[in-house]
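Colleague: I am new to this protein and would like to go through it slowly, one question at a time. Could we begin once the sequence and the structure are in view?

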Amino acid sequence: MEIEDWAGGSSDSDITAPDSDIEDHCYAYSDFPKLQFRKDISKARWKQDLGMAEIVSNKGKLWTTTGIVRGGKLYSFLEDTLFLAEIGALHLLDDEDKCIPLEDIYKKVAEGVGGSSWESFEVYRHLKSLGYIIKRHGVCWSIKRGKSEENSSIMEVTELFSSMEINEESKRLVFDVYPPNSKFRKSNPGNPIFILCIISGNPPTKKQIEEVEGQCEGIPLKFCYVEHGRVSFFSFNQIELPVLP
C-alpha cells in the first residue's frame, strides 16, 4: 500500500502582488525588494514581438546568472526584467529609448506576457532574493549555432511559451533551480538541484505527480503553492506500509 504524503513543507515571504489598482498600490507593500542606488545600471530594450527584453548595456556581475544568450545577444524573460528593475539594477527602455515605469512592467506580468504570471514571479523573486540561480525550465542558458540559425533560436523560445496553455488545473514544470555559486557558468551550468512545479487548487493526484516526475529525468522535483503572496514549497514521498496479518 502506498501513501502520498506532503513532506518538507516550508513557507516564507508574505509578499502580496499588486492587484487591479496596480498604479496606486505597486509601492505599498513593505516586503518588496528595497530599491538600491547603484552606480552602474544595465539597460534593456523591450521587444514586444518576443515578449522579452534585449539587453543593450549589461553592467555588473548579475548577468552571470541571469538571462539567456542567443545569437551573441543577451535576453531576459519578464520575471528577470521586473526583478532587476525592482532592485534598481535595470532600466527597461521602449522603442523611443524612454524608460518604462515599474507600473507598466507589472501590467505585463498581470497580463501573462511571454508566459509570465504573478505566481511564477513571486516564486522567482523569493528564490532569487535568497541567492538561488533560476532559469525557465526547458530553455538552455546558451546555444551555439550558425548565423543562419540565430533568429530561429530566439523565436523557438518565444513560441514555446506563447503556445503554452496556462490554466488553474495545470501542473507544469516552471523553473530549474541551482544553488548559489560564485563560479557558476552558463556554458557549463551542471544539473539543477531541483525542478520546480507551481500548482494551484487541490494537491496533485498520484497520476499527475508521476507524469511530472517523468519529465524530470531523475532530477529532484519540488512543488510550490502561492496563496495571497505566501510562497510554500513541498515535496512528495511514497511510503510503503507493512501488510498486517
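**Reading the structure through its residues**

Colleague: Is Glu79 buried or exposed?
Modeller: The relative accessible area of Glu79 comes to 4%. A residue is called buried under 20% relative accessible area, exposed over 50%, and partly exposed in between (1.4 Å probe, protein chains only). Because 4% falls under the 20% limit, Glu79 is buried.

Colleague: What kind of model are we looking at?
Modeller: Residues are numbered from 1 along each chain as its sequence is written, and side-chain values use heavy atoms, with hydrogens and water left out. Local features need pLDDT of at least 70, side-chain atom pairs count only at pLDDT 80 or more, and totals for chains, interfaces and linings use all residues, since this is a predicted model.

Colleague: How many helices and strands does the protein have?
Modeller: Helices (H or I, at least four residues) and strands (E, at least two) are DSSP runs, numbered from the N terminus. With these runs, the secondary structure of the protein comes to six helices and 11 strands.

Colleague: Leaving aside its neighbours within four places in sequence, which residues is Glu79 in contact with?
Modeller: Contact here means heavy atoms within 4.5 Å. With the neighbours within four places in sequence left aside, Glu79 is in contact with Phe121, Tyr124, Arg136 and Phe175.

Colleague: How many salt bridges does the structure hold, and where are some of the others?
Modeller: One of them joins Asp176 and Lys135 at 2.8 Å, N to O, and because Asp176 lies in strand S8 (residues 172-178) and Lys135 in strand S7, that pair ties together parts 41 residues apart in sequence. Both Asp176 and Lys135 are buried. Another joins Glu96 and Lys98 at 3.6 Å, N to O, and both of those residues are exposed. In total, the number of salt bridges in the structure is six.

Colleague: Which residues have the most contacts inside the largest nonpolar core?
Modeller: A nonpolar core is a set of buried Ala, Val, Leu, Ile, Met, Phe, Trp, Tyr and Cys residues joined through side-chain atoms within 4.5 Å. The largest such core has 37 residues, and those with the most contacts inside it are Ile105, Val123, Phe175, Leu196 and Cys224.

Colleague: How many residues are in the second, separate core?
Modeller: In the largest core, Ile105 is among the residues with the most contacts. The second core is separate and includes Leu173, Ile209, Leu221 and Phe236, and its size in residues is 11.

Colleague: Which residues of helix H3 are buried?
Modeller: Helix H3 covers residues 102-110, and after H3 comes Gly112, whose phi is positive, near 75 degrees. Within the helix, the buried residues are Leu102, Glu103, Ile105, Tyr106, Lys108 and Val109.

Colleague: Where is Glu217 found?
Modeller: Glu217 has a positive phi of about 50 degrees, although it is not a glycine. At 75% relative accessibility, Glu217 counts as exposed. Its place is the loop between H6 and strand S10 (221-227).

Colleague: How many disulfides does the count come to?
Modeller: A disulfide is a covalent bond between the sulfur atoms of two cysteines. The rule asks for a pair of cysteine sulfur atoms within 2.5 Å. For Cys216, which is buried at 2% relative accessibility, the closest cysteine sulfur is in Cys197 at 8.2 Å, too far for a bond. By this rule the number of disulfides is zero.

Methods:
A salt bridge is a side-chain nitrogen of Lys or Arg within 4 Å of a carboxyl oxygen of Asp or Glu.
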